[in-house]
Amino acid sequence: MKKFMDKDFLLQTETAKTLYHNHAAKMPICDYHCHLNPKEIAENKRYNNITEIWLGGDHYKWRAMRSFGIEEEYITGNASDFEKFKAFAKAMPYLIGNPIYHWSHLELKEYFGIEETLSEKNAEEIWNRCNAIIQSPDFSARTMIERSNVKYIGTTDDPADNLEWHIAIAKDESFDCKVRPSFRPDKAVKIGNEGFAEYIKVLGATENTEIKNYDDLLNVLEKRVEFFVENGCSITDHGLDRIYFRDASKEEVNEILIKALNGETLTQEEIEKYSTLTMVNLGKMYHKHDMVMQLHVGALRNNNTRMFKKLGVDVGFDSIDDAEVAMPMSRLLDALDSEDKLPKTILYCLNPKDNEVLGTMIGNFQGGGIAGKIQFGSGWWFNDQKDGMERQMMALSQLGLISQFVGMLTDSRSFLSYTRHEYFRRILCNYIGGLVENGEYPADMDFLGEIIENICYNNAVKYFNV
């Protein structure tokens with residue numbers, strides 16, 4: 001029986017152990033997509049206690065706590081921070097098979113030196129030990145980044161953002177990590193969402209423009225793209241949920257936009273026409289500025305309307321959608337490629353049924369002398385666990401080239417989540433090591449080590465021009 005989470009955790013073969021310890025473990029981190037708050041990095045935020053940094057905003061943990069029967073008061077409610085921590089600790093031993101059990105103990109071990117497993121019995125002791133470290137002078141947002149050997153962070157930023165915190169960080173030469181914005185124009189694309197017209201006013205104000213028509217909107221978006229690029233942005237991101245492709249003329253879309261700005265209700269067809277043309281136009285802008293386009297597809301959000309009204313978005317009531325992906329995604333990519341204006345693109349699916357769809361889709365649009373121009377992104381959200389990562393790696397390696405893969409990202413709001421890169425790297429080395437041990441690939445350890453190091457860091461640095 002192997003010891004729980006020892007130095008060879010998840011590494012089942014000697015080849016896997018060698019690849020991880022000699023190659024993967026030493027590589028820096030390029031965390032090209034996350035939801036960290038740049039203000040907290042700029043101000044080098046310090047934290048009050050383990051609950052604030054560990055449970056605050058973590059909807060993964062919140063879902064598990066609800067499933068365990070913990071009252072909402074101890075999750076997002078008014079219970080004290082210690083009571084919330086103790087409630088989570090009580091649930092922890094029962095999370096067998098859930099990746100949260102691994103992630104949480106990796107975080108406790110890496111940042112707090114705690115190797116005991118958390119439970120209700122030792123909750124107070126671990127609470128005190130963690131808080132003593134958190135309150136020490138050398139524990140802050142930046143020290144967590146530096147300790148994790150993170151060299152690049154791509155935050156997620158609205159086009160209307162003035163990027164003041166990114167600008168401040170860029171001026172600080174003492175901080176050895178690039179923190180760059182990523183252009184996330186979801187509010188400008190999702191015309192059917194509540195508050196769209198109000199948002200367009202805010203967006204226009206950033207460029208002293210009243211957006212009255214579609215040309216105005218495109219001009220403002222172009223200017224915001226240029227502003228982001230001027231401030232180090234080379235990555236964009238879209239949470240499309242469902243991907244649409246419905247042909248429409250610019251004149252049609254202009255009329256649709258005017259209706260929305262006047263507060264009129266749109267049909268689903270109109271929503272899809274506007275989304276299609278806007279995504280095509282944005283894709284052309286990204287290509288012009290050599291930016292990477294990320295498309296996250298397949299989330300069914302805010303399922304529980306009662307809790308949505310009470311708590312809002314991103315609090316643990318989203319799940320996997322089962323909509324069709326292949327045809328609209330193909331048409332969207334082809335609309336850009338047909339004009340030779342398809343940017344480097346990363347495709348993510350939340351539903352694992354679409355792994356092979358994306359694994360084959362990327363091969364349709366490769367080329368231009370760019371290695372891995374179109375990427376099948378790492379296991380995302382509900383798939384960023386052992387089984388989900390292995391399925392993604394298998395689909396990518398069998399249907400494409402895993403050697404050109406840009407690797408892992410945290411997609412997290414927590415500075416403690418960098419251990420997910422370790423988790424990913426161990427799974428990656430175990431997968432590649434298994435192929436070697438089974439006689440499916442030669443045991444050329446120097447070459448294999450190079451591939452592992454590239455996937456862990458080097459490919460991303462080159463791909464994102466960072």
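This is a predicted model: local features need pLDDT of at least 70, side-chain atom pairs count only at pLDDT 80 or more; totals for chains, interfaces and linings use all residues.

Just after helix H12, I found glycine 232 with a positive phi of about 90 degrees. Helices here are DSSP runs of H or I with at least four residues, strands are runs of E with at least two, and both are numbered from the N terminus. Residues are numbered from 1 along each chain as its sequence is written, and side-chain values use heavy atoms, with hydrogens and water left out.

**Helix H12**

I checked the length of H12 (residues 214-230) next. The expected span is 1.5 Å times one less than the number of residues. For the 17 residues of H12 that gives 24 Å, and the end C-alpha atoms are 24 Å apart, so the two agree.

At the N-terminal end I found a cap: a side-chain oxygen of asparagine 213 lies 3.2 Å from the backbone nitrogen of aspartate 215. I also listed the buried residues of H12, among them Tyr214, Leu217, Leu221 and Phe228; buried means under 20% relative accessible area, exposed over 50%, partly exposed in between (1.4 Å probe, protein chains only). Their cover includes strand E4 and helices H10, H11, H13 and H14.

**The sheet**

Which strands form the open sheet, and in what order? I read it as E4-E5-E6-E9-E10, with parallel pairing. Strands E4 (182-183) and E10 (374-376) are the edges, each pairing on one side only. Two strands pair if DSSP finds at least two bridges between them, and E4 with E5 (residues 235-241) has 2 bridges. Serine 182 stands opposite isoleucine 235 of E5.

**Aspartate 241**

Is this strand E5 residue, aspartate 241, buried or exposed? It is buried, because its relative accessible area is 16%. Contact means heavy atoms within 4.5 Å. Leaving out residues up to four places away in sequence, aspartate 241 touches Lys190, His296, Val297, Gly298, Ala299 and Arg301. Its side chain makes a polar contact with the side chain of lysine 190 at 3.3 Å. A polar contact is a pair of N or O atoms within 3.5 Å; within protein, one must be able to donate a hydrogen and the other to accept it, and residues adjacent in sequence count only if both atoms are side-chain atoms.

Histidine 105 is in helix H6 (residues 99-112) and counts as buried at 3% relative accessibility. A polar atom of the histidine 105 side chain lies 3.0 Å from the backbone nitrogen of leucine 118.

Asparagine 459 sits in helix H20 (residues 445-463), and I found it buried at 13%. The asparagine 459 side chain reaches the backbone oxygen of phenylalanine 405 at 2.9 Å.

**The core**

Last, I looked at the largest nonpolar core, which has 150 residues. Such a core is a set of buried Ala, Val, Leu, Ile, Met, Phe, Trp, Tyr and Cys residues joined through side-chain atoms within 4.5 Å. Tyr32, Trp54, Phe112 and Ile153 have the most contacts inside it. Leaving aside neighbours within four places in sequence, tryptophan 54 is in contact with residues including Phe85, Phe88, Leu108 and Leu118.
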